[in-house]
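Hello,

Here is the structure I promised to pass on. Please open it and keep it beside you while you read my notes.

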Amino acid sequence: MTVATPAITVVAAIIRGNDGRICLSRRPDHKHQGGRWEFPGGKVEPGEPLSAALARELEEELGMQAAISSPFMTIAHQYQDLHVTLHFRDVTAWQGEPSGCEGQQVNWFEIPELPALEFPAANRPVVTAITLPDYLAIAPDNLDLEALKAGIGRLDAARIGLYLRQWSEHAALPEILALCREKGVKVWLRASSAAWAEQLSLQGVFALHMPGSVLMDCQGRPDFAGLVSAACHSREALEKAADLGLDMALVSPVEVTASHPDRPPLGWQQAGEWITGLPLACYGLGGVSPADLETARQYGAIGVAGIRAFWPGSAPVPV
Ligand SMILES: Nc1nc2c([nH]c(=O)n2[C@H]2C[C@H](O)[C@@H](COP(=O)(O)OP(=O)(O)OP(=O)(O)O)O2)c(=O)[nH]1
Ligand SMILES: [Mg+2]
């Protein structure tokens with residue numbers, strides 16, 4: 001017999017300082033998940049809007065006032081004794097200096113420091129998501145090497161990652177990866193088969209990306225040191241990616257897209273219903289542009305991806 005555990009709704013803050021650091025607090029030892037670092041926040045009261053709940057919690061726990069927040073990611077997680085739905089929200093404006101009003105330890109961390117900290121198990125996907133760029137540019141098909149390198153040189157590496165769909169097995173790959181490393185561009189590489197992914201030992205590849213057919217054949221998370229993403233066109237595919245313990249998904253097509261004009265678009269509403277709560281950092285793909293980032297966040301995706309609207313030179317790129 002399974003016994004239903006209590007379920008709570010929690011709102012938690014990703015407090016981003018002007019210097020790019022993130023403010024975390026340590027959960028008191030006697031509490032659930034005690035001793036671990038957390039994104040400050042707490043339980044939402046019945047009928048309370050998430051933004052108001054977060055402002056209230058930040059005032060109570062950190063003594064910060066009037067915190068303004070926007071959605072980043074929602075994760076549903078079953079602990080042994082408790083089901084939590086965690087609404088993580090970005091906080092970029094507030095008054096007052098965060099400090100531990102309940103005697104808890106409070107500290108600012110650089111983003112690359114986060115993955116090594118001890119968090120509650122539910123937090124793994126949001127910690128990954130914080131390390132990801134907002135945008136993913138897919139290099140257009142059939143570029144020549146010089147055009148590819150010129151485009152890489154113009155990417156805003158702090159905000160845009162690069163998916164190299166066609167170059168995974170190209171002789172020039174080491175040269176391309178060296179350029180990306182020099183520019184600080186995070187690279188997703190196409191995994192043509194799960195077995196191929198496991199053999200891969202290339203330097204400087206940030207993530208492996210599995211096309212939908214590779215995901216369907218995949219029996220376990222590829223043995224790869226970096227992050228792993230998958231193309232998902234259905235709720236089943238997203239659940240499989242989550243069950244395999246993958247990190248990310250490219251969910252498509254969100255809107256009508258020139259590369260697959262015959263595929264009916266999901267729309268953000270449907271995409272949001274599929275994504276919300278899953279332990280995956282999702283990018284919306286298909287007919288979207290950088291201007292859709294805020295919409296993507298409203299529907300549970302952490303970023304947006306595409307070819308034409310994202311690759312430098314083919315359309316305006318975000319500033
Ligand atoms: N605030 C926060 N809670 C988290 C995170 N990750 C995670 O699994 N949780 C869980 C731990 C708790 O079971 C729950 C948050 O409850 P809480 O104890 O902070 O609630 P609260 O601030 O309202 O505290 P209290 O009034 O009940 O003492 O969510 C996180 O990053 N931040
Ligand atoms: Mg709390």
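E61 is buried, because its relative accessibility is 6% and the cut-off for buried is under 20%. G41 is buried as well, with a relative accessible area of 9%. Keep in mind that this is a predicted model.

Which protein donors does the magnesium ion (ligand 2) have? They are G41, through its O atom, and E61, through OE. Both lie 2.2 Å from the ion. The pair links distant parts of the chain. G41 belongs to strand 4, while E61 belongs to helix 1. They are 20 residues apart.

Now turn to ligand 1. It is surrounded by 21 residues. The closest are H32, F39, K43, Y79 and N123. Sorted by class, the shell holds eleven nonpolar, six charged and four polar residues.

Next, look at some polar side-chain atoms around ligand 1. R27 places one 2.9 Å from an oxygen atom of the ligand. K31 also has one 2.9 Å from a ligand oxygen atom. E38 has one 3.0 Å from a nitrogen atom of ligand 1.

How much of the accessible area of ligand 1 does the protein cover? On its own, ligand 1 has 630 Å² of accessible area, and the protein covers 83% of that.

Which elements give two or more residues to this shell? They are strand 1 (7-16), strand 4 (41-43), helix 1 (50-62) and strand 6 (83-95).

Best wishes

Notes. Residues numbered from 1 in each chain as written. Chains lettered and ligands numbered in written order. Predicted model: local features only at pLDDT ≥ 70, side-chain atom pairs only at ≥ 80, totals over all residues. Heavy atoms only, no water. Near = heavy atom within 4 Å. Polar contact = N/O pair within 3.5 Å; in protein donor to acceptor, adjacent residues only side chain to side chain. Areas by Shrake-Rupley, 256 points an atom, 1.4 Å probe, with all protein chains shown as cover. Helix = DSSP H or I, 4+ residues; strand = E, 2+ residues; numbered from the N terminus. Nonpolar A, V, L, I, M, F, W, Y, C, P; charged D, E, K, R; others polar. Donors = N, O, S within 2.8 Å, 3.2 Å for Na, K, Ca; no water. Buried < 20%, exposed > 50% of the residue type's maximum accessible area, 1.4 Å probe, protein only.
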